[in-house]
Amino acid sequence: MAFSQLAKRLVFSAVIGGLVGLATWYRQPSTSAQSFVTQFVGYPVDLAIFAGDLLGYGDQLSNLREALLGPLLGLTVGVVVFVGLALSGLLQRFVTEAWPSAPDILDNDLIRQMSGDLSPFSKAVPFIGREKELRELMVFAGQARNESPRIRWVLGREGIGKTRLAVEWLRKLEASGWDVGVLRPDVTARIIARTRFRKRTAILIDEPDTWPDIWTLLDAIARKNKTIAVLVTDHVYRAMPTSVDTTISITLGKATEPPMMLSGLDDNAISSLWDAEGDMTIEDIDGRPLYAVLSKFDSQEIVRRVAKRIETAESYGGTRSLLVACLAAPVRRDAGLSRIGASVAVSALQKIFESEDRTFLRGTLPRVTPSLVADEITLRLASEEGRPDLEAILSVCVAENVSAVEHRIGSLWQRELPAEMAEVRAHLQDTFDALVPGRLQELVATTGGLVFEVSQAAGRAKASEAIFKTAVSVIADAADRRPTSRAIRLSEIRMAPYAVEYFLRSDDFQSIRHWARRSMRVLTDRQLSSDIEILCSGLEALRSVVEAYGRSGRLTQMELWASRLLAVVRNSELRDEAKVATCVVKCSADVLRFLDTEDPDRIKEWAERLSTIGDQPRFRLDKDVRMIQASGLGNAAYRLGFLRRWDDMETYGHRVLDVASTPGLQDVGSLAFAHGQAAVNAMFHYGRSGRLQDLERWSKILSPLVKDKTLRTVESIALLIGEAAIVMTYAYRKTANTKAIDWWIGTARDLVASPALKGSDAVRLKYLRAATNVLEHYGLRGDKVQFIRWEREILRLVDLPQWKDTPEVLRSAATTGSHATFCYDDFSDFGAIEAWETRLVAISEHNSVVNDSKTQFQIANAFANAIHSFGRAGRHGGPQTARWREALTKIGSRFPADSDIQALLTKWNLSSVDQFFDRNRD
């Protein structure tokens, strides 16, 4: 602690001590406090009083003692507080001076002395778009306590910003007084066990695959009885090997928090880092801030930097040391480097590795960053080595750090290379496979097993969280390392739909787009394009992306990826395969299911894509294709109905009927459903538009389905018929066509009573909604007997135990109450109106609908009807009216922005009611 900081501490201690002393003086001292002051502070005063007695001034001095008692107590407490705070500052300074530096296992110079504008440790690299994750990590650090170090993994793709986030975390903690740093690569578990930590410590372990004994290192940290927070940044979620000792597994299990998975930055954040005039597009960057920064460099700038690094290495005879560092760093310098001519003086290494710490370089070759630079150096230097020498170098590297070598070679596969460099890359891969036999088979088995586990766990969100995190990272990493393995790429493409669904649950569309791009890379790989299994799996992956964007209302992205899917199929030599056609039809049908547009031409465009395939002679009897085609055309007709494009709606509706009546397919239940859906959709649009003749025409088209005793026992068909009953009773409720009303409500009631449907609540709910329309019909007709009959039937359904908290049922009850209070006014039955009060108030306050404006409007309308009814009878000033008005006011206060509810409130508040009925009476 500097002198100025110590002075601030003393001033702070004095201020706090003074305030506490004044507060103590201000309050009346207790008896115990007086005793304390008298015993430990009052002795000099007592001596003065004794001397005063001898001189004859004892009484005056006694009065003085009583007057000084409060100030003396305040002074005493203030001094004690001041001394305590000051000593704590001195103690802190003593610890800092006596133990002046952070533990030697940490490289904290990387935090304070930053260089290199491509390094995550550089101040030139801005921190953007990770504020939420940084706050979460600060909370994580705050959870570390004495005797309980905490460990957390931060996972993400290369270039996604893991290290940059971790560095910002270290900076924040350092500013708060923590010891911080990156764990040195040459540290062992034994060194950690001997290390003393002077205060709260934050540790970053970057890319743990450089430590073969990472689990023993973490275990050594977890066993320290200190406040330690550890971040481990990695590209893959690592499961602890079964070979790890049980005690280590238990210790780390207690200390490790759930991992943080980093998604790509959104396009707005990337745009602030990206050079729009560079070679990379936003899609190429794929949410990775490192690549956005790289986009600001001329493509030749990276080449010039690489050339300069190699030129420096050549001038000091250290090219092989540089190659080994790129392939396998950190590498111990005693790991056989002299056998391959990779051992040079420390002074030379300092030049090659740009002022790296001399003490560190005595024992270890450091990593070369960023990965893009290390890749380029690896290719350049490897191309200059003869095959025997290159194999010898790889042998030493694999023996020292096999995981790092595998990762570097895998990174080389992530971009297009000239033929000469592609040959070097292939030779590196072949040599590695020869040195590590069985590794490829192990990766194939791992990725295939993870896809199987995910497929078994799909839909069980809580149970599958860990499985998904492991599978998403491990399979992606394996595919990046081994892009030429068909089996691994197949696992990748099969994982994509599960990954999309997993990320959709958390609205992580950056990760969804990343997996969509991964799928496109597989589908456009020339080596895999003729593989029907991979093509169909890839199309299903893209279809899952289309559906995800559709379900979330991101319709532009939905159509973009659907168009890309179709483009892949058009360019494929397998486009005429039935499985491929099925994927295309499914995709087009998905678009029509979600497409919410005012442009009928777009709807018709996607519908025609469906018909182009489905109407081909070779697919006319393909059940899968035709069922999906019928569903998609039905969606098109439904969308066009909302736009009142009646001719177009009729066209696509009849196309559905044509598909459903295809000879040889009439017995397919789902086509019968499509037939019924097309009819009900047309009935819905014509009914709400008052086109009753067209409504009747389509009801006759539905009639065979309604009368089919076999099909109507299928719940999906029964629900369609129930929906038709709702449409028809609603359309006819204000007409005199009681016969049609009775027929349709009777049909719905028969479905509810059907033993085959086993009392389906879904079917019963359709019946309930139709019954409310029937109730309104009889109320408007003035038929009190039938009105009461249907009111009782509705309340019987509403009061079923299984429906007490169902929002749609409560809304039907509220609608019934609105009709009842209106019609009973015409019937002059005020007792029946009052009978609804308790039920309506209970519904208005029910948690399931308290925020549902549609339900609350029906209740408010019922209250308004009651106020009007009682007022018309000359009872607008009575207690009943006051209760209705109070209930209406409560609803209005909950929905201040709802114009319909506010209009009711304005019309039927106290002054308006009085003026209305006084005016009518006059």
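The structure holds 16 aromatic pairs. Rings of Phe, Tyr and Trp (its six-membered ring) pair if their centres lie within 6.5 Å; planes under 30 degrees apart count as stacked, over 60 as edge-to-face and the rest as tilted. This is a predicted model, in which local features need pLDDT of at least 70, side-chain atom pairs count only at pLDDT 80 or more, and totals for chains, interfaces and linings use all residues. Residues are numbered from 1 along each chain as its sequence is written, and side-chain values use heavy atoms, with hydrogens and water left out.

**Stop 1: two ring pairs**

Select Phe787 and Phe827. Their ring centres are 5.9 Å apart and their planes stand at 75°, so the pair is edge-to-face. Phe787 lies in helix 36 (residues 784-798) and Phe827 in the loop between helix 37 (807-826) and helix 38 (830-835), so this pair ties together parts that are 40 residues apart in sequence. Helices (H or I, at least four residues) are DSSP runs, numbered from the N terminus, and so are strands (E, at least two). Are Phe787 and Phe827 buried or exposed? Both Phe787 and Phe827 are buried. Buried means under 20% relative accessible area, exposed over 50%, and partly exposed in between (1.4 Å probe, protein chains only).

Next select Phe830 and Phe870. This aromatic pair is also edge-to-face, with 5.7 Å from centre to centre and 70° between the planes. Phe830 belongs to helix 38 and Phe870 to helix 40 (residues 853-872), so the pair ties together parts that are 40 residues apart in sequence. Phe830 is partly exposed, with a relative accessible area of 22%, whereas Phe870 is buried at 0%.

**Stop 2: a residue in the loop**

Now select Ser828, in the loop between helix 37 and helix 38. Its phi is near 55°, a positive value in a residue other than glycine. Most residues other than glycine have a negative phi. Ser828 is exposed, at 51% relative accessible area.

Arg644 is the next selection, in the loop between helix 29 (623-642) and helix 30. Phi of Arg644 is near 60°, again positive in a residue other than glycine. Arg644 is partly exposed, at 46% relative accessibility.

**Stop 3: a buried valine**

Go to Val656 in helix 30 (residues 646-660). Val656 is buried, with a relative accessible area of 0%. Which residues does Val656 touch, not counting those up to four places away in sequence? They are Ala630, Leu633, Gly634, Ala674, His675 and Ala678. Contact means heavy atoms within 4.5 Å. The C-alpha atoms of Val656 and Gly632 are separated by 8.8 Å, and these residues are 24 apart along the chain.

**Stop 4: a ring cluster and two arginines**

Select Phe468, Tyr502 and Phe503, which ring pairs link into a cluster. Then show Arg554, which lies over the face of Phe509, 3.7 Å from the ring centre. Arg733 lies over the face of Tyr730, at 3.8 Å from the ring centre. A charge sits over a ring if NZ of Lys or CZ of Arg is within 6 Å of the ring centre and within 35 degrees of the ring normal.

**Stop 5: two helices**

Finish with helix 15 (residues 319-328) and helix 19 (residues 387-412), whose axes come within 7 Å and cross at roughly 30°. Axes are lines fitted to C-alpha atoms, for helices over the stretch in contact, and angles run from 0 to 180 degrees between N-to-C directions. Helix 15 and helix 19 are therefore roughly parallel to each other. Angles under 35 degrees count as roughly parallel, over 145 as roughly antiparallel, 65 to 115 as roughly perpendicular and the rest as oblique.
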